[in-house]
Amino acid sequence: MPSLSLSLSLPPPLNNTNNSEFRRAISTLHPAREPHDLLKSCIRSRNFALGKLLHRKFTESQLTLDSPLLNSLITLYSKSGQWQQALSIFQSMDPSMRDLVSWTAMISCFANHRMHRQSLSTFIQLLRATDFYPNEFSFTASLRSCSNAEFFSTGLAVFGFVLKTGYLDADVCVGCALIDMFVKGSDDLGSAFKVFEKISERNVVTWNLMITRLVQFSHTGDAIHLFFSMVESGFGPDRFTLSSVLSACAELELLAFGKQLHSWGVKSGMGLDVFFGSSLVDMYAKCGADGSVEDARKVFDRMPERNVVSWTAIIAAYVQGGLEQEAIGLFCEMIWGYVVPNCFTFASTLKACANLPEFGLGKQLHSQAIKLGVSAVNCVGNGLVNMYARSGRMECARKCFDILLEKNLILCDTAVDWNAKNLDPKDDIFNLETEGTGNGVNAFTYGSLLSAAACIGTISKGEQIHARVLKSGFGNNLCINNALISMYSKCGNEAAALRVFSDMKDRNVISWTSIISGFAKHGFATKALELFCEMLEAGVKPNGVTYIAVLSACSHVGLIDEAWKHFASMHRDHDIVPRMEHYACMVDLLGRSGLLSEAIEFINSMPFRADALIWRTFLGSCRIHHNSKFGEQAAKKVLELEPHDPAAYILLSNLYAAEGRWDDVAAIRKSMKLRKLTKEAGCSWIEVENQVHKFHVGDTSHPKAQKIYDKLDELTFKIKNLGYVPNTDSVLHDVEEELKEQFLFQHSEKIAVAFALISTRKPKPIRIFKNLRVCGDCHTAIKYISVVTGREIVVRDANRFHHIKDGKCSCNDYW
DNA sequence: GTAGGGTTAG
């Protein structure tokens, strides 16, 4: 692994060339030109150093500075990031010297520095000054300060003003500012689009702005439609248009269209501009077809100019393609080329490190991020937390998490890790969110929080986040609504998920896939398949993930013919090549139905070599149908492919245990011990009154343990009278039957049910979560418990949901 | 003299 030994330290600094540049710049200026024009050309060419030098010269020569000159100086300091200087010039001006331009330049300066309150109060002062009336420039500048949730209502007032004074028709820039106000201020793309339609004199910039915002707010399909209308209206797309539409292509995986745009751009002579080129790299990488990383690389290699974004795009491409070594190599190449990485670069490179067993590199990256001062930025912090958590360094992960600037983002799997290791309510990740000032809470934040809530299954947190989403005006956001569907599904409330889905104005393939996979996991296959038909009727094109949901819906209830129909159709009708996961669904379906020989035949007929997932799936079926001959074969295959997979050992040992082959069970345990493999401990949890209670096997640590076990005894007595017979097959110890029965009643899911019964009342359904699959005996017992208590019990296990009511389960005992 | 549009991550 040669690239692993590459040092990540930053290269030595470049020689300072500013002086010679400066001299060259000053020599090109014509000495006879007016000081005014000189200053203007400095601003236009962004040569701020020269502009500031001129300012000094003006002061030294005691030249009388008139309003136009002072206004330009305000602009100079505004654009060079020194608002204090701009303000002091403005304040030093005699009030009689301040004209509309001075006021507007100052409003704009505050807006540039995100000092929205100051910007708007200056605007109000301008309104109060009787001599002036705001013009299109003042409106644009002040509206820019209303493009955030805090000042959105002020923006509406300014909007009214604009309509009354007729500036919307008079000036395109005012229209652009209004579009951004609606998009950024209240996530209201509908109103933004209405403004867009109202602009009578649209130009390329207006079209670009609307298209870009649609892409950025994940209305990708709409963006592409708008792109076509733009072309139909006779506007030629420029590099701005193409880079935005290309990122839409990347998201929707429209490779063919992306290629068209590529040749369009080349033909129209824009070459491989940094923006256009970076977007192309990203597009080729994300359009999952084979060889796409190579295509991305080809574009990257041909780019005449590259910046940190282009480098990040190509690094991300390699990470996504699973080529972590190459990605890290490119990162090194980049920093040795004096390109300074940014947050996004770190996010991608850290992901590459997290996927590699070697740990030193990640640590080096961490120190680089600290040096560059970005370790507390969310996407970097998330990458660090994830990397440390994955390698089991929970303390380092926690430290990185603690310093995050906005403690509102957390990776889903990290949340689960924490959940599994520690469910201390003091460690509540959701409360941390409120510590921040609330700035920077965006759609992605809510999405992350919702998926964290979904992972843990904490519906009350999910509902709280939902309420905040509505309050903060994100109610129509597509991504958030998709996350809500998924959250409610994963928390076991399919009805609420459907409500969100039905109320959505816009739905994309992810919305449909989320709701379908929700119903599939809950075992409501008919509903899932109905929705799939509706989706096709609505003209939404399914993707590979949709088919995983459809096939697993069939698999969860054993609809073999239906599954074959869809499996054939996905390639034939929708051009989706089945992946390993799709084959795994079919193997699962055949295997669970007891068609083990057919499943083997199917595996052998696959166009590629079966991976561990396929064999593990098949091994699971062998266990259900007590077929140790096939089971041994399958376990061997899994261990060939993944020698350190504890799941295969466990499944095989379960299989032996069920047949009473205790010597074989012992042999497996021994070899697991030798390899230092441990079985993940089973645990169940339940949320009662906003608090999560977690139980392990035979857990007696809960304060109400005595009451819980009393309840368990009572339940055992009642359900035995109803005909429940303990199924001791799933007890993996070679002990007496009576003892086995005792072990059974210490299973975490039964303890959680008993706790739920003493802590909650009818008619609230009981929602239990388990990190592994629910055991067969617990499943039976809970069905009886639902009869004797009249309660509805929903169990989410590692694989699916069980809705148990009146002695019946939505899985039809088929899981 | 004052104003508007792009790419990369999660």
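## Ser 514 in helix H31

The backbone oxygen of Ile 510 lies 2.7 Å from a polar atom of the side chain of Ser 514. Such a pair is a polar contact, that is, two N or O atoms within 3.5 Å; within protein, one must be able to donate a hydrogen and the other to accept it, and residues adjacent in sequence count only if both atoms are side-chain atoms. Ser 514 belongs to helix H31 (residues 509-521). Helices (H or I, at least four residues) and strands (E, at least two) are DSSP runs, numbered from the N terminus.

With a relative accessible area of 14%, Ser 514 is buried. Buried means under 20% relative accessible area, exposed over 50%, and partly exposed in between, for a 1.4 Å probe and protein chains only. Leaving aside neighbours within four places in sequence, Ser 514 is in contact with Asn 482, Ile 485 and Ser 489; contact means heavy atoms within 4.5 Å.

## Basis of the report

This is a predicted model, in which local features need pLDDT of at least 70 and side-chain atom pairs count only at pLDDT 80 or more, while totals for chains, interfaces and linings use all residues. Residues are numbered from 1 along each chain as its sequence is written, chains are lettered from A and ligands numbered from 1 in the order in which they are written, and side-chain values use heavy atoms, with hydrogens and water left out.

Of the atoms of DNA strand B that come within 4 Å of the protein, sugar and phosphate account for 35%. A residue is near a strand if one of its heavy atoms lies within 4 Å of it. Helix H13 (residues 204-216) contributes the largest share of this surface, 7 residues. By class, the surface has 18 nonpolar, 18 polar and 12 charged residues. Here Ala, Val, Leu, Ile, Met, Phe, Trp, Tyr, Cys and Pro count as nonpolar, Asp, Glu, Lys and Arg as charged, and the others, Gly among them, as polar.

Asp 238 has a polar side-chain atom 2.3 Å from a base nitrogen of DNA strand B. For Arg 239, a backbone N or O atom lies 3.2 Å from a base nitrogen of DNA strand B. A polar side-chain atom of Ser 278 lies 3.3 Å from a base oxygen of DNA strand B.

## Helix H8 and its cover

In helix H8 (residues 136-144), the buried residues are Ser 138, Phe 139, Thr 140, Ala 141, Ser 142 and Leu 143. Their cover includes helix H6 (100-112), helix H7 (116-128), helix H9 (152-165), helix H10 (167-170) and helix H11 (172-186). Asn 135 caps the N-terminal end of H8, with a side-chain oxygen 3.0 Å from the backbone nitrogen of Phe 137.

His 556 is found in helix H33 (residues 544-557), and His 556 is buried at a relative accessible area of 8%. The side chains of His 556 and Arg 800 are joined by a polar contact of 3.3 Å. Not counting residues up to four places away in sequence, His 556 touches Ala 520, Lys 521, Asn 799, Arg 800, Cys 811 and Tyr 814.

Ser 555 is also placed in helix H33 and is buried, with a relative accessible area of 1%. Apart from neighbours within four places in sequence, Ser 555 is in contact with Cys 585, Asp 588, Leu 589, Arg 592 and Tyr 814. Ser 555 and Ala 520 are 35 residues apart along the chain, and their C-alpha atoms are separated by 8.9 Å.

## Packing of helices H41 and H44

Helix H41 (residues 705-721) packs against helix H44 (residues 776-789) at an angle of about 90 degrees, with the axes 9 Å apart. H41 is therefore roughly perpendicular to H44. On the side of H41 the contact is made by Leu 715, Lys 718 and Ile 719, and on the side of H44 by Ala 781, Tyr 784, Ile 785, Val 788 and Thr 789. This contact has 6 nonpolar, 1 polar and 1 charged residues.

Axes are lines fitted to C-alpha atoms, for helices over the stretch in contact, and angles run from 0 to 180 degrees between N-to-C directions. Angles under 35 degrees count as roughly parallel, over 145 as roughly antiparallel, 65 to 115 as roughly perpendicular and the rest as oblique.

## Backbone features in loops

Most residues other than glycine have a negative phi, and most peptide bonds are trans. Arg 46 has a positive phi, near 55 degrees, and is placed in the loop between helix H2 (35-44) and helix H3 (48-60). Arg 46 counts as exposed at 53% relative accessibility. Ser 218 has a positive phi near 55 degrees and is placed in the loop between H13 and helix H14 (220-232). Ser 218 is buried, with a relative accessible area of 9%.

A cis peptide bond, with omega about 0 degrees, joins Lys 762 and Pro 763. Pro 763 lies in the loop between helix H43 (748-759) and strand S3 (766-770).
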